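Let's take a tour of a protein model, one piece at a time. Have a look at the structure below before reading on.

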Amino acid sequence: MDFALTEEQEMIRDAAREFAQKEIAPVAARFDETGEFPVETIRMAGELGFMGIEVPEEYGGAGMDAVGYALLMEEIAAADAAHSTIVSVNNSLYSNGILEFGTEEQKRRYVTPVASGEVIGAYALTEPQSGSDAGNIKTRAVLSDDGSHYVINGKKSWITSGPVARYIVLFAATDPAAGAKGVSAFIIDTENEGFHRGKTEPKLGIRASATCEIELTDYRCPVEDRIADEGMG
């Protein structure tokens, strides 16, 4: 078995190293001290294709493989853990699920702007009472009588990029009696009515990676923004 890097993998590693050392390293300490979200460097990362490294080019990404993603993350993290956390959530937790189970419309509408760095994505699973026990979530999604949308109510905790995300992959129970098999996944547009952000959490480190609590109050999620079937969350 040949473990040598391909030319393309070496190129992405070198490009990530140059970007991280030239653009991130000089400002990392300042952003960690202030806790300010590094908008400009994240925008630049998007322009380089780093916010969607495994996302196919047709959806705004770089179309690389998992090795390329790992090489990218090593170089970004070497310069600053906060930047690597932001890049990681966009690439893995947010984009992968939609690419794997989403519709063509969902991929184009919700992956493309995130992979290109135009907007930020986030992932909302954890709740105050359910961390490692994800099947115990209390957030509820109730299908409307006409079947056109879900009404979602609940609270999520410690959401990475929550204070700045435009779109969020969120998990809610559509059949509470079924436990983990009754959890479904949805794409939330944070600009819609019923979505609320809590205060940004103070942290000891990785402060430029903004984290907050979010709450949904009678949030109306179109049925076409559910990812896959009910119970597949």
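## What "buried" means here

A residue is called buried when its relative accessible area is under 20%, and exposed when that value is over 50%. Keep in mind that this is a predicted model.

Start with α4, which runs over residues 81-101 and so counts 21 residues. From first C-alpha to last it reaches 29 Å, close to the 30 Å expected at 1.5 Å a residue. Still, α4 has a kink of about 45°, centred on S95.

S95 is also one of the buried residues of α4. Others among them are A82, H83, I86, V87, V89, N90, Y94, I98 and L99. Handy background: an α-helix has 3.6 residues a turn, so residues three or four places apart point the same way.

## The nonpolar core

Now for the inside. The largest nonpolar core has 23 residues, and the ones touching the most other members are F19, I42, F50, M51, I53 and L72. Helices α1 (7-34), α2 (39-47), α3 (66-79) and α4 each supply at least two residues of this core. In soluble globular proteins, nonpolar side chains tend to be buried together.

Which residues is F19 in contact with, leaving aside its neighbours within four places in sequence? They are I24, T41, M44, A45, L48, F50 and I76.

## Helix α2 and what covers it

Three of those names come from α2: T41, M44 and A45 are buried there, along with I42 and G46. The cover over the buried residues of α2 includes α1, α4 and α5 (104-115).

## A loop residue on the outside

Finally, find E191 in the loop between β5 (183-189) and β6 (195-200). E191 counts as exposed because its relative accessibility is 60%. The C-alpha atoms of E191 and Y167 are 8.6 Å apart, although 24 residues separate the two along the chain.

How values were computed. Residues are numbered from 1 along each chain as its sequence is written. This is a predicted model: local features need pLDDT of at least 70, side-chain atom pairs count only at pLDDT 80 or more; totals for chains, interfaces and linings use all residues. Side-chain values use heavy atoms; hydrogens and water are left out. Helices (H or I, at least four residues) and strands (E, at least two) are DSSP runs, numbered from the N terminus. The expected span of a helix is 1.5 Å times one less than its number of residues. The bend at a residue is the angle between axes fitted to the seven residues ending there and the seven starting there. Buried means under 20% relative accessible area, exposed over 50%, partly exposed in between (1.4 Å probe, protein chains only). A nonpolar core is a set of buried Ala, Val, Leu, Ile, Met, Phe, Trp, Tyr and Cys residues joined through side-chain atoms within 4.5 Å. Contact means heavy atoms within 4.5 Å.
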